[in-house]
Amino acid sequence: DNLLLHVENLKVYFPIKSGFFQKTTGYVKAVDDVSFQLARGETLGIVGESGCGKSTTGRAVMQLIKPTSGTVLFEGEELSGLGTEQLRAKRKNMQMVFQDPYSSLNPRMTVENILREPLEAHHAGSRAEQLKQITEVMELCGLNSKQLHRYAHEFSGGQRQRICIARALVLRPQIVVADEPVSALDVSIQSQIINLMTDLQKQLGVSFLFISHDLAVVKHISHRIGVMYLGRMAELAPAKALYEEPLHPYTQSLLSAIPRSHPRSGKERIVLRGEVPSPADPPKGCAFSTRCPHVMDRCREVLPLMTDMGAGRSVACHLYG
Ligand code: SF4
Ligand code: MG
């Protein structure tokens, strides 16, 4: 079975409380009815503007945030049904890399101790075996294992993110949720980290859920890409198809903003009207209706659902089907 992760109808709603008695007066639908699958050795890019629910989706998959409803099946097992201990054991197979390599590493810890922590937490091997795993994973991540005793603060941003990736991989997990892993890095370093992750995937067969606000960043690493808008999935497609023929008007606008080295067919940049609406008060019908250049009467009334377009593509838009 090649299916590793199966997320179905995932919802994460945060209550809005107000007044003296902190009564719940509504909900922010941070993640609303999101479904996707991730195969072994595959990278799924999750893209959208800040506040679209992509990070919350990643955290809910990891069970760091408890989903309001929906299922997260990891190797066919429902994670929300697991107790604390069982979940802790599962974490060995599911790790996270965060955006900021400065705040996510203790600067006064040595690389050795940073990488030993997860091994200790999961009682993996003797000290000597752990040391072997630590030096192995450092080399895999392009770090010099002779620098084992150096402190995190002695490393550059790019190297620190390599340490974070090594920490995520030291237990050889099956899935790594990477939330904006290159967004805090210089552009020249970004491609190095992307290339590293691509190589690691080839060598280890690990799957990535790669979260980014930038479609240009996920382009080369993702096999498939999901585009989110205001808590919902707008479009999900193989990466090549998404870049060559985006179906959803929101994806089209995001892509038109990426400068191309070879501009094809002179496509104009699509400038969206207005701001992203508040997730606490989303528009009725299609969430994108307040900004969509193709908006129709129906869009303001009826919520478009994800529709299968064949060839592994689906889109939530009334222009289709
Ligand atoms: Fe635009 Fe309507 Fe499609 Fe929404 S459903 S993206 S408003 S055309
Ligand atoms: Mg985020």
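1. S1 and S2 form a hairpin, with four residues between the two strands. Gly19, in the turn, has a positive phi of about 80°. Strands here are DSSP runs (E, at least two residues), as helices are (H or I, at least four), numbered from the N terminus. The model is a predicted one: local features need pLDDT of at least 70 and side-chain atom pairs count only at pLDDT 80 or more, while totals for chains, interfaces and linings use all residues. Residues are numbered from 1 along each chain as its sequence is written, and chains are lettered from A and ligands numbered from 1 in the order in which they are written.

2. The pairing of S1 with S2 is antiparallel and covers 13 bridges; two strands pair if DSSP finds at least two bridges between them. Tyr13 has Lys29 in S2 as its bridge partner.

3. Strand S4 (residues 69-74) pairs with S5 in the antiparallel sense over two bridges. Leu73 has Glu78 in S5 as its bridge partner.

4. Around ligand 1 there are 14 residues, of which Cys286, Cys292, Cys299, Cys317 and His318 come nearest; a residue is near a molecule if its C-beta atom, placed from the backbone, lies within 6 Å of it. The shell comprises 10 nonpolar residues, four polar and no charged. Cys counts as nonpolar, along with Ala, Val, Leu, Ile, Met, Phe, Trp, Tyr and Pro; Asp, Glu, Lys and Arg count as charged, and the others, Gly among them, as polar.
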